[in-house]
Structures are given as structure tokens and as C-alpha cells.
Amino acid sequence: MRSMSDDRTDDHTHVREFFTARAADWDRRFPDDGPAYAAAVAELGLREGDRVLDAGCGTGRALPALRAAVGPSGVVLGADLTPAMLEEAARAGRDRDGALLLADVAALPLRSSSLDAVFAAGLIAHLPDPAGDLREIARVVRPGGVLALFHPIGRAALAARQGRTLTPDDLRAEPNLRALLTRSGWRMTSYTDEQDRFLALAVHEG
């Protein structure tokens, strides 16, 4: 009989293989996303000295905007499951904007309530246990802290890019995502799904 840990290991292997194969070309494939990342980070409402995590940071495209938002006295972390993505982040110099961690969002090496905010771009579709993983993210965020679930294009545009059709059970559809966040200790405060971006903001209920 297979265990949940076996299934998660399989998921991790698939995710690592997918992103390892694409890491070297990732930034070149999406060269114009910078302003969208910066705009989404701005909506987190970060302040000087805040502590923020980019969960599933990939090549670290959000890290410069996060560092600019929290200033030199703030703490910026970037966590990813794929070593090749973190290597590309370092090669691009983004390790100067935040400390890079090889970590699974299901078991973050961080103290409870140690962060003010989490930014997560394109992460949720790759989570094998979305509710459990969002609860773990909630664990490391202080009550009242903020989560941003972001993608630089909207759900319909992403589905078209991937050659699939949107269905009512899509995880990021507003009612589904709102319910998922509620089950995971978050309260959705805003939801935007447009052609050129997806952004859902939530507050940790604590």
C-alpha cells in the first residue's frame, strides 16, 4: 500500500524534473514579467523592516521588488524545491536581494509566526496537498499577515497557453480558492483574474 509520503515524493520528483529542464531558459522565456511582479508585490503593503518569504521563488524574479519594499532592515527569503532554479536565481544575482533556501513549502524551516507576508507566484497549481501546504504557510506567518497568490497572466490565458479548457473545478476559480483558503487559516480579501494577471490576497486569521 502506498502512503501519502510516497505520493508526495512522486510529486516532488515530477516538479523537480519539470523545472530543472526549464530553469536555464526560464527568464528568457518570460522576459517582460518584471513590472507585473513589482505591481503584485506592491499590493502586499509591505513596510520597511518587514519579513517576507517568496514561496516557490523559482529564479527569484520577485526578490528585487520584495527587497525594495522592505528595505535594508527587512528580511527577504526565497524558497524553492528545485536546486536548478535556485542556481539560476544566484547566477542572476538575486541572492543579493534575499537568502535562498532549498525547501518544501510543506515543511518550511522557519519559526511559527516569524513572517509578515508570503508571496507565491505560480505556486498553487504545483502543490500536492494545497490545503495542508497553505496551512504550513499560515503557520510561519503572524496573525494579520498577508499572502499573495499571483500569476503574471490570468486563468483563461494560462489555460490557453497550456492547451487546456477551464472547468468549474479549477482550483483558482474564486469560490474554490476562497473555500480552500478559509480551510487553511486564511481569509481572502481580494481576487483579480484578468487577461494579464491573476492575484488573490488573503489575511492570516491566526
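Colleague: Hi! Which residues touch the most other members of the largest nonpolar core?

Modeller: In this predicted model, they are Leu53, Leu177, Leu181 and Trp186, out of 31 residues in that core.

Colleague: And which elements each supply at least two residues of it?

Modeller: That list has β1 (51–55), β2 (75–80), β4 (115–121), α6, β5, α8, β6 and β7. The most comes from α6, which gives four residues.

Colleague: What does Leu53 contact, leaving aside its neighbours within four places in sequence?

Modeller: Its contacts include Leu77, Leu108, Leu110, Leu115, Val118 and Phe119. Gly78, Ala79 and Ala117 are in contact with Leu53 as well.

Colleague: How many residues are in the second core?

Modeller: That separate core has 20 residues, among them Val70, Ala117, Val146 and Ala148.

Colleague: Back to α8 for a moment. Which of its residues are buried?

Modeller: Helix α8 covers residues 174–183, and Leu177, Leu180 and Leu181 are buried there. Viewed down the helix axis, the buried residues of α8 fall within an arc of 95 degrees, so they line one face. Pro175, Thr182 and Arg183 are exposed on the other side.

Colleague: What happens just after α8?

Modeller: Gly185 has a positive phi there, of about 95 degrees.

Colleague: Let's switch to the sheet. What is the strand order?

Modeller: The sheet is open, with seven strands in the order β3-β2-β1-β4-β5-β7-β6 and mixed pairing. β3 and β6 are the edge strands, each pairing on one side only. On average, neighbouring strands are turned by 15 degrees against each other, direction ignored.

Colleague: How many bridges join β5 to β7?

Modeller: Six, and the two strands run antiparallel. As for Ala148, its bridge partner in β7 is Leu201.

Colleague: Which strands does α3 lie across?

Modeller: Helix α3 (residues 34–42) lies across β4, β5 and β7, and runs at about 150 degrees to β4. Helix α4 (residues 63–70) also packs on the sheet, where it touches β1, β2, β3 and β4. The direction of α4 makes about 160 degrees with that of β2.

Colleague: One last thing: is Arg94 buried or exposed?

Modeller: Arg94 counts as buried because its relative accessibility is 17%, and the cut-off for buried is under 20%. Arg94 is in the loop between α5 (83–91) and β3 (99–102).

Colleague: What does its side chain reach?

Modeller: The Arg94 side chain reaches the backbone oxygen of Thr59, at 2.7 Å.

Note on methods. Residues numbered from 1 in each chain as written. Predicted model: local features only at pLDDT ≥ 70, side-chain atom pairs only at ≥ 80, totals over all residues. Heavy atoms only, no water. Buried < 20%, exposed > 50% of the residue type's maximum accessible area, 1.4 Å probe, protein only. Arc of directions from axis to C-beta. Polar contact = N/O pair within 3.5 Å; in protein donor to acceptor, adjacent residues only side chain to side chain. Core = buried A, V, L, I, M, F, W, Y, C linked by side-chain atoms within 4.5 Å. Contact = heavy atoms within 4.5 Å. Pairing = 2+ DSSP bridges. Axes fitted to C-alpha atoms, helices over the stretch in contact; angles between N-to-C directions.
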